[in-house]
Amino acid sequence: MADLKTTRGPASASRTYAVIAIVLAMLAALPFIADAIGQPALTSLATRITILAIGAASLNLALGYCGLVSFGHAAWYGVGAYVVGIMYRHYVTGDPLLGLSIGSDQLLVTLPLAILISGLFALVLGALSLRTSGVQFIMITLAFAQMLFFFFVALKAYGGDDGLIVRRRNALPFIDTRDGPTYYWVCLFFAVAWFALMSRIVTSRFGRVLEGIRQSERRMAAIGVSTYPYKLACFVISGMGAGLAGALMANHARFVSPDMMHWTQSGEFMIMVILGGAGTLFGAAAGAAVLIGLETQLAAWTEHWQVILGPLLVLMIIFTRGGLSGLVRLLRGGRNE
Amino acid sequence: MSLLIEQALNGVQLGVMLFLLAAGLTLIFGIMGVINLAHGSLYMIGAFAMAWVANKTGSFLIAAPAGLLTAGAIGMLMEFFVIRKLYARDHLDQVLATFGLILFFNQLTVLLFGRQPLFVQIPGFLEGSILLFGDVRYPVYRIAIIAVGLLTAIGLYLLIARTRLGMLIRAGATNRDMVRALGVDIRLLYTALFGLGAMLAGLAGVMAGPILSVQVGMGEQVLILTFVVVVIGGVGSVRGAFVGAMIVGVVDTMLRAFLPQTFRQLMTGPDADALAAGFSAMGVYMLMALVLLVKPKGLMPAHG
């Protein structure tokens, strides 16, 4: 998959920008289209997809580019959401936490803090997890995520099992975030910013090193790169992106609960990345759209949609190696490598 | 003092259950190189099959083998249709495909049995409790679990160390291709081994049935603890799985039993209970972090 990302000429680069501009214009116009065809619920669905695309893209940095199969991505996503939930709770009650008055309902305050705190969690637990590799890494990231899950379940002061309600979305100056389409555009803005950052990262020297680590960590070590700090930095950035997504989702759903960091959520992020094609920049967005679209469609059809989604997933993994692009290749009669 | 012994026994009982699951998981990984998330589903399937048969026939002695065989059979089918295609793939594909299997099995179980938990009576001949020594009484059923678990551990050791099948298993773990080159039908061996792992998981499910509620999602809860066991013990090592399972079982049980009263002495109010509950739930994961700090490959790694 990643081998397709060879250097391109300037002509094709400008074509890429044109495609991006057209897609963006269409995405920005989506709330109008949704209203025009009488499906205003589509905007809310698109907001969810946009937010989850941020989460999936940040997992893609670790999983697709650096080869770190993290099965605990939902933990950072949940931590980001809880930062918003907890700050809102303190804003409403006015109680200080450990003597600090941390309450806020300003998105420009909560969002950076959510990103920062998710990053801190990813730093501490990532530093431990990265001592292992391979299957141990998968198991340990899953186990740490589950540890945080149980911690928030037990955290009765902030709702425990029942979660926290964020009665009103965090506010932005001059912008009414309570309006559905407006909040969609806010999320779209952050998604564009995050994808732009990802694109800068993967084309930078740092990104090249990550790519090298994925292909052969031993080779990178042999040419004199100390890989551990690179992997840790990548893991932390990935956690920060998940925190951003979690904070936006907490505002979108106006609800935070431990379920957001349930291990099935981590699994869904991984599926999005693989569906879209690991190690391709916009694959994560496509994967998020396809998975959430499929889930919504199947759920409208039957309550037991997972009976269908599960086998679909198994078939997809067995028969198409590169997610959606592999499927397209398969349908065209081509061979998977 | 008697409470301490009782809780220690509870810990050992949880430990042997975790061992049954971890042994299958670690064997399958060590020999076939497959990480099987759906291992917890086999535990759930064993428990549900047992509960269903027990409620139909009223006999635990019929229900227990039924649960074992169902788990084993479904495990072999799973290997034949799905896992077999994943041997040559990387762990990521294995994780995602078996994640799909979990979604399928969980929802299918909801479809068949509903979301309400099933309850199973402890069989009559294992009811009640006996006096161990002094004033320590302990339920017979839990003693039976410990006994069955330990016997299975010994049996597994003898199977791997003393039989021809075990020799092939060990050879397969060391060098898969060489075993195949020597004319062993490795596919059959793998299917059989997967069935064995599934039956061990099913056995844990069958024994858990009467003391836990049999419900959807029970598999994943125990699966993640099993991962902790495998990481602590060392991936691929059955001996490590046993040691890890005992440590995790006893530590988890002890923390849940004694942390709340320790916290209540240090601080007051309901905060103490909530905090203690949080910390005792996190305890084994912190233990895992500690082990990894000292020994990144676990206490008893299989290779080197």
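Student: In this predicted model, which residues touch the most other members of the largest nonpolar core?

Tutor: Of the 205 residues in that core, A:A143 and B:V228 touch the most other members.

Student: What makes A:A143 a contact of B:V228?

Tutor: Two residues are in contact if their C-beta atoms, placed from the backbone, lie within 7 Å. Leaving aside neighbours within four places in sequence, B:V228 is in contact with A:A143, and also with B:V248, B:V284, B:Y285 and B:M288.

Student: How many residues does each chain bring to the contact between A and B?

Tutor: Chain A brings 37 residues and chain B brings 37 residues. On the side of chain A that touches chain B, α5 (134-154), α10 (263-276) and α12 (306-319) each supply at least two residues, and α5(A) gives the most, with 14 residues. The residues of that side divide into 27 nonpolar, eight polar and two charged.

Student: Why is strand β1 of chain B said to lie largely in the open?

Tutor: A residue is buried if 20 or more other C-beta atoms lie within 10 Å of its own. Among the five residues of β1(B), residues 129-133, the number buried is zero, so the strand lies largely in the open.

Student: How do you know that β1(B) and β2(B) pair?

Tutor: Pairing requires at least two bridges found by DSSP, and four bridges join β1(B) to β2(B), residues 136-139, with the strands running antiparallel. B:F133 stands opposite B:V136 in β2(B). The two strands form a hairpin with two residues between them, and B:G134 in the turn has a positive phi of about 55°.

Methods:
Residues are numbered from 1 along each chain as its sequence is written. Chains are lettered from A and ligands numbered from 1 in the order in which they are written. This is a predicted model: local features need pLDDT of at least 70, side-chain atom pairs count only at pLDDT 80 or more; totals for chains, interfaces and linings use all residues. A nonpolar core is a set of buried Ala, Val, Leu, Ile, Met, Phe, Trp, Tyr and Cys residues joined through C-beta atoms within 7 Å. A residue is buried if 20 or more other C-beta atoms lie within 10 Å of its own, exposed if 12 or fewer, and partly exposed in between; C-beta atoms are placed from the backbone. Ala, Val, Leu, Ile, Met, Phe, Trp, Tyr, Cys and Pro count as nonpolar, Asp, Glu, Lys and Arg as charged, and the others, Gly among them, as polar.
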